[in-house]
Amino acid sequence: MRKNWLVGGAVALVLVLVLGAVFGISRIARPGDEARAERAASESAAASSAATQAAPSRQGRPPLATTGESFAELSSDPAQDQAYRAYYEQTVDWSACEGDYADFQCGSVTVPKHWNDPAAGDITLALLRIPASGEKQGTLFLNPGGPGGSGVDFVGMQGPEVVGESVAARYDLIGFDPRGVGDSTPLDCVSDARLDEMLAATYDPLTPEGLEQTKSTARELGEGCRSSDPELIGAVDTLSAARDLDVLRAVVGSDALDYLGYSYGTYLGATYAELYPQRVGRMVLDGALDPTIDGDQLSDGQARGFENAIGEFAQYCLDQGSEVCPLNGDHDQAVQQVRDFFSAVDDQPLETTDPQRPLTGALARSGVLVGLYADESWDFLIQALGAAMSGDGTQLLFFADAGSSRQDDGTYLGNSNEVISAVNCLDHPSAADEAWSVQEAERLAAEYPTFGGMFGFSGVYCAQWPAAPVREPAPIRAEGAAPIVVIGTTGDPATPYEWAESLSEQLTSGTLVTFDGNGHTAYGRSGGCVEEAVDAYLLEGTVPEDGLVCSGS
């Protein structure tokens, strides 16, 4: 079974957070057992029935930012085009990885920087392979999400346990760093010291000064990314990454792509299926993104998801008793205490064991938010929150650092904190009207008081970005593809369940598996049911029954 990323000590960034939650995490606006199971069931049913209505419709809203053309727009299949033959026919020189991953094999592959112009030069993609422990059936590519998550680190950290033992026996497992990410040709946009400052910054973007700081941060990061590679910053979109993925499929000798993608990785996998439906093998998309939503709808869905999650966590904490839980009173009072704690830390950051790094309001929110990703971590989050409410921010700072992949020596593992903005601004256009964006941010902060203020201003942020969006929201059908398994978790804070429902309905061959539980994604943490269904599909081609529901209890 796959290790829990935080509790197991192997932290992989799978955050799909929109831009405002990455830098300049804002000061939040401050608007004025059996019982728990019944309450949770009632709230879950209400959320499910109202989810689509709750998401803001595009009707009556300002137009989205004008899109340009992706460098990966092609009129023919590059696998059949002589101009791309050298990319498809290259071989990987596998050798022992260096450092912590020395037990595994590493290699690299070359792809065009601009798919529509191979003469513009090449970039390199980094790969890590764990050979099948038994008789090989195929090659399974894995993407942990992000955007910006390193597949090399994801698979390297967890080893064969990234999947079930039977799957690891039959498949070569390959983690890859998408274009612009990690050990592939990267975008390196700011120094680690400056990144520390950005992630700790706490301000209110609903004030004129805070709004200008949001814009300034976006401009600084964008210009840093452009200076890193002016020809790559506009070519890290998901369509380009999906073209790359087809080269990876070819160079390992697979006729069809077998793929397991989490979170943002579902969007990459679905995009591949739309491009090359005839080359889809066994594809699992866990914690799905809905390709029909824009940047503002993405913000709303995640703000709602994390607001629901903090409520579930608060009740879980109360259920542990006063000797364990730092919260008290009823459910609503407990949630309000978390909000009050954030407000207090906004005004007075907490000391930590590192005198140079106090826990700011931004880092406190980030730490709690990261802890909500997996309910297996909630006991640890209770301890961290309790210590912070008693004046010691060290443990919450650890959670925040885990989410941003910050190492003990002050460096960051990879460049995911930078690439997430570059990819999201290309993939998800938002409303171009700044005044409307301010109103929308005010709505998020009012409707979702705990975390809503972290999720606004995606349109304002991307308006400062030096590369225009390249994709408009649209359904993905993947006509003619083999069966694709889509997994949704009812209490997923980062990729709300209705997104999985929507994607599975869009895909002509989609089949939906539901995990009735809390946390982000399901395979490896559902308790057995999801794992059994996915493993049977990967190993035997047995497609799960559409609508299969697995419970975490």
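1. Basis of the values. Because the model is predicted, local features need pLDDT of at least 70 and side-chain atom pairs count only at pLDDT 80 or more, while totals for chains, interfaces and linings use all residues. Residues are numbered from 1 along each chain as its sequence is written, and side-chain values use heavy atoms, with hydrogens and water left out.

2. Helices α10 and α11. Helix α10 covers residues 331-347, and helix α11 covers residues 361-371. Helices (H or I, at least four residues) and strands (E, at least two) are DSSP runs, numbered from the N terminus. The axes of α10 and α11 come within 8 Å and cross at roughly 150°. Axes here are lines fitted to C-alpha atoms, for helices over the stretch in contact, and angles run from 0 to 180 degrees between N-to-C directions. The two helices, α10 and α11, are therefore roughly antiparallel to each other. Angles under 35 degrees count as roughly parallel, over 145 as roughly antiparallel, 65 to 115 as roughly perpendicular and the rest as oblique. On the α10 side the contact involves Phe-341, Phe-342, Ser-343, Val-345 and Asp-346, and on the α11 side Gly-361, Ala-364, Arg-365 and Val-368. Contact means heavy atoms within 4.5 Å. By class, this contact of α10 with α11 has five nonpolar, two polar and two charged residues. Ala, Val, Leu, Ile, Met, Phe, Trp, Tyr, Cys and Pro count as nonpolar, Asp, Glu, Lys and Arg as charged, and the others, Gly among them, as polar.

3. Helices α11 and α12. Helix α12 is made of residues 378-389, and its axis comes within 9 Å of that of α11, with a crossing of roughly 160°. That makes α11 roughly antiparallel to α12. The crossing of α11 and α12 is left-handed (a crossing is left-handed if the near helix is turned anticlockwise from the far one by less than a right angle, and right-handed if clockwise). Gly-367, Val-368 and Gly-371 of α11 meet Trp-378, Leu-381 and Leu-385 of α12. The residues in this contact of α11 with α12 are four nonpolar, two polar and no charged.

4. Helices α11 and α13. The axes of α11 and α13 come within 7 Å and cross at roughly 70°. That makes α11 roughly perpendicular to α13. Residues of α11 in this contact include Leu-363, Ala-364 and Val-370, and those of α13 include Leu-396, Phe-399 and Gly-403. The contact of α11 with α13 divides into eight nonpolar, four polar and no charged residues.

5. Ala-387. This residue lies in helix α12. Ala-387 counts as buried, at 17% relative accessibility (buried means under 20% relative accessible area, exposed over 50%, partly exposed in between, with a 1.4 Å probe and protein chains only). Ala-387 and Pro-326 are 61 residues apart in sequence, and their C-alpha atoms are 8.6 Å apart in space. Neighbours within four places in sequence aside, Ala-387 is in contact with Asp-392 and Gln-395.

6. Ser-150 and Pro-147. Both residues are in the loop between β4 and α3, as given for Ser-150 and for Pro-147. Ser-150 is buried, with a relative accessible area of 13%. Its side chain makes a polar contact of 2.6 Å with the side chain of Asp-177 (a polar contact is a pair of N or O atoms within 3.5 Å; within protein, one must be able to donate a hydrogen and the other to accept it, and residues adjacent in sequence count only if both atoms are side-chain atoms). A polar atom of the Ser-150 side chain also lies 3.3 Å from the backbone nitrogen of Val-152. The peptide bond from Gly-146 to Pro-147 is cis, with omega near -5°.

7. Two positive phi values. Most residues other than glycine have a negative phi, and most peptide bonds are trans. Ser-405, in the loop between α13 and α14, has a positive phi of about 60° although it is not a glycine. Thr-521, in the loop between β9 and α18, has a positive phi near 70°. Ser-405 is buried, with a relative accessible area of 7%, and Thr-521 counts as buried at 1% relative accessibility.
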